[in-house]
Amino acid sequence: TKVCADTNGTNERSCSCTVDRTFLTKNPEQQRIVLRHGFKVDLSERHGQDVLQHSIMSPMFRKQIWGESLQEEPKELLTVILATDGSPCKVGGRSEWP
């Protein structure tokens, strides 16, 4: 489920995605979960002219503005795991990864 809404009456948008899959697995303590995620935002109202993007798979934050050269700068994408009530959810003793 993807939910997007204005943030506090401003033009800023806040999105969240939720995937709900319930299943049982053998030996869950021996399983490993890998999350690979990122974002790509079109600031030009779906014209693909002004785009920001970042991923945990790349150390570079990318910004492409129409008519300008691609701008890249090293930045970390912070990953935060939260419980359904919004509190930190520790996985392997941590709830945040840079």
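User: What is the mean pLDDT of the protein chain?

Analyst: The mean is 80, and 80% of the residues reach 70 or more. The model is predicted. Its pLDDT is the predictor's confidence in each residue, on a scale from 0 to 100.

User: Which elements have the lowest and the highest mean pLDDT?

Analyst: Strand β1, residues 2-6, has the lowest mean, 54. Strand β6 has the highest, 92. Where pLDDT is low, the predicted coordinates should not be read in detail.

User: How many helices and strands does the protein chain have?

Analyst: There are zero helices and eight strands. From the N terminus on, the order of elements is β-β-β-β-β-β-β-β.

User: What makes β3 and β4 a pair?

Analyst: Pairing needs at least two bridges between the strands. β3 and β4 have five, in the antiparallel sense. The strands therefore pair. Within this pairing, valine 41 stands opposite leucine 52 of β4.

User: How many bridges join β4 to β5?

Analyst: Three bridges join them, and the two strands run antiparallel. Three meets the cut-off of at least two, so β4 and β5 pair. Leucine 52 stands opposite lysine 63 in β5. The two strands form a hairpin with four residues between them.

User: What makes β5 and β6 a pair?

Analyst: The same cut-off of at least two bridges applies. β5 and β6 share four, again antiparallel, so they pair. In β6, glutamate 73 is the bridge partner of phenylalanine 61. Proline 74 in β6 stands opposite methionine 60.

User: Which residue in the hairpin of β5 and β6 takes a positive phi?

Analyst: Glycine 67 does, with a phi near 85°. This hairpin has six residues between its strands.

User: In what order do the four strands of the open sheet stand?

Analyst: The order is β3-β4-β5-β6, with antiparallel pairing. β3 and β6 are the edge strands, as each pairs on one side only. From one strand to the next, the twist averages 10°.

User: Why is the contact of arginine 62 and glutamate 72 called a salt bridge?

Analyst: The cut-off is 4 Å from a side-chain nitrogen of Lys or Arg to a carboxyl oxygen of Asp or Glu. Arginine 62 and glutamate 72 meet at 2.7 Å, N to O. The distance is within 4 Å, so the pair counts as a salt bridge. The pair links distant parts of the chain: arginine 62 is in β5 (residues 60-64), glutamate 72 in β6 (residues 71-74), and they are 10 residues apart.

User: Why is arginine 62 called partly exposed?

Analyst: Partly exposed lies between buried, under 20%, and exposed, over 50%. Arginine 62 has 24% relative accessibility, so it falls in between.

User: Why do glutamate 73 and lysine 75 count as a salt bridge?

Analyst: Their side chains meet at 3.9 Å, N to O. That is within 4 Å, so the pair qualifies. Glutamate 73 is partly exposed at 39%. Lysine 75 is partly exposed at 40%. A search of the whole structure finds two salt bridges.

User: Which residues make the nonpolar surface patch?

Analyst: Phe39, Val41 and Leu43 make the patch, which covers about 240 Å². Residues of a patch need over 30% relative accessible area and no salt bridge, and nonpolar side chains are joined within 5 Å. Leucine 43 lies in the loop between β3 (38-42) and β4 (51-55).

User: What share of the 98 residues of the protein chain counts as buried?

Analyst: The share is 11%. Buried requires a relative accessible area under 20%.

User: Why does proline 98 count as exposed?

Analyst: Exposed means over 50% relative accessible area. Proline 98 has 63%, so it counts as exposed. Proline 98 lies in the segment after β8 (96-97).

User: What distance separates the C-alpha atoms of proline 98 and leucine 78?

Analyst: The separation is 4.5 Å. Along the chain, proline 98 and leucine 78 are 20 residues apart.

Notes. Residues numbered from 1 in each chain as written. Heavy atoms only, no water. Buried < 20%, exposed > 50% of the residue type's maximum accessible area, 1.4 Å probe, protein only. Patch = residues over 30% accessible without salt bridge, like charges linked within 9 Å, V, L, I, M, F, W, Y side chains within 5 Å. Areas by Shrake-Rupley, 256 points an atom, 1.4 Å probe, with all protein chains shown as cover. Axes fitted to C-alpha atoms, helices over the stretch in contact; angles between N-to-C directions.
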